[in-house]
Amino acid sequence: MVKYYIYIILLVLSAELFASQNKYTINITTNVASAAIFINSKLAGTGSASYETGRDTNFIAIKKSLTEWGKAFIKDTVIFTGSDNVRDLSYNLDEEILIDSTPQDAVVKNGEKRLGRTPLFVNKNISSLLLYKKNYEPKEIFIKDEKARNISLSFNGKIRKESFIDSEWFPALIGSALVLGGAAAYFKIEADETFEEYEKTMDQSLMDKTDRYDLYSGIALGALQVNFGYLIYKLLIE
């Protein structure tokens with residue numbers, strides 16, 4: 001039992017010693033005193049920060065203030081390699097650059113973070129980006145002091161038709177079918193209830209309203225049939 005505890009202590013000490021040999025420092029300054037700086041999901045400081053880490057890959061997120069809701073204004077990744085153990089970074093929270101590609105709609109990533117699709121405005125302070133699109137070679141770019149950049153992607157010669165179920169049309173058709181079905185049912189119920197009131201009062205305005213509700217229900221039902229028919233057609237021809 002004593003040997004077991006000695007082994008555990010030695011293991012912990014060796015782990016701490018190893019970690020101490022891989023300490024890195026990230027120094028960050030911004031042009032906004034209230035800017036909230038997060039490194040590896042931890043608040044490192046406001047306006048500027050000095051952060052020590054034992055990780056080779058570190059994720060930076062900066063908001064203009066701690067009270068700002070929503071996603072970070074700047075996202076960046078810092079990777080330490082070799083003997084480089086100190087990184088000094090400066091961010092201007094007011095400057096953005098337009099990243100576009102030929103063809104467009106390429107995915108834009110910074111490290112492991114997906115920023116969006118081209119054309120896309122990104123902060124100039126991000127050091128590098130990776131663009132990729134199906135059937136095209138991925139391309140890494142380094143942002144310089146330019147107003148905009150258009151990146152040409154090279155076709156890799158592999159054509160694979162996108163499945164209809166994986167396309168953006170499939171969830172859109174399913175969602176619209178649900179909306180149209182709900183609308184048709186709603187207007188039909190309203191028409192029935194209004195007609196019951198008409199039978200009690202014989203008020204012509206209620207009959208006119210019933211006719212309108214029936215018309216709206218019919219239009220929604222017709223659109224639903226077209227939507228559903230197109231959905232079945234696309235599924236059958238694949």
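**Chain overview**

Buried residues, meaning under 20% relative accessible area with a 1.4 Å probe and protein chains only as cover, make up 29% of the 238 residues in the chain. The model is predicted: local features need pLDDT of at least 70, side-chain atom pairs pLDDT 80 or more, while totals for chains, interfaces and linings use all residues. Residues are numbered from 1 along each chain as its sequence is written, and side-chain values use heavy atoms, without hydrogens and water.

Me: How many helices and strands does the chain have?
Reply: Both are DSSP runs, numbered from the N terminus: helices are H or I with at least four residues, strands are E with at least two. The secondary structure comes to 3 helices and 14 strands.

Me: Which residue of β7 stands opposite Thr25?
Reply: Two strands pair if DSSP finds at least two bridges between them. β1 (residues 24-30) and β4 (residues 48-53) pair in the antiparallel sense over 6 bridges, and Thr25 stands opposite Glu52 there. β1 and β7 (residues 86-91) pair in the parallel sense over 6 bridges. In β7, the residue opposite Thr25 is Val86.

Me: Is Ile126 buried or exposed?
Reply: Ile126 lies in the loop between β11 (120-123) and β12 (128-132). Leaving out residues up to four places away in sequence, Ile126 touches Lys75, Asp76, Asn110, Leu115 and Ile143; contact means heavy atoms within 4.5 Å. Its relative accessible area is 4%, so Ile126 is buried.

Me: What separates the C-alpha atoms of Ile126 and Phe142?
Reply: The two residues are 16 residues apart along the chain. Their C-alpha atoms are separated by 8.5 Å.

Key:
Buried means under 20% relative accessible area, exposed over 50%, partly exposed in between (1.4 Å probe, protein chains only).
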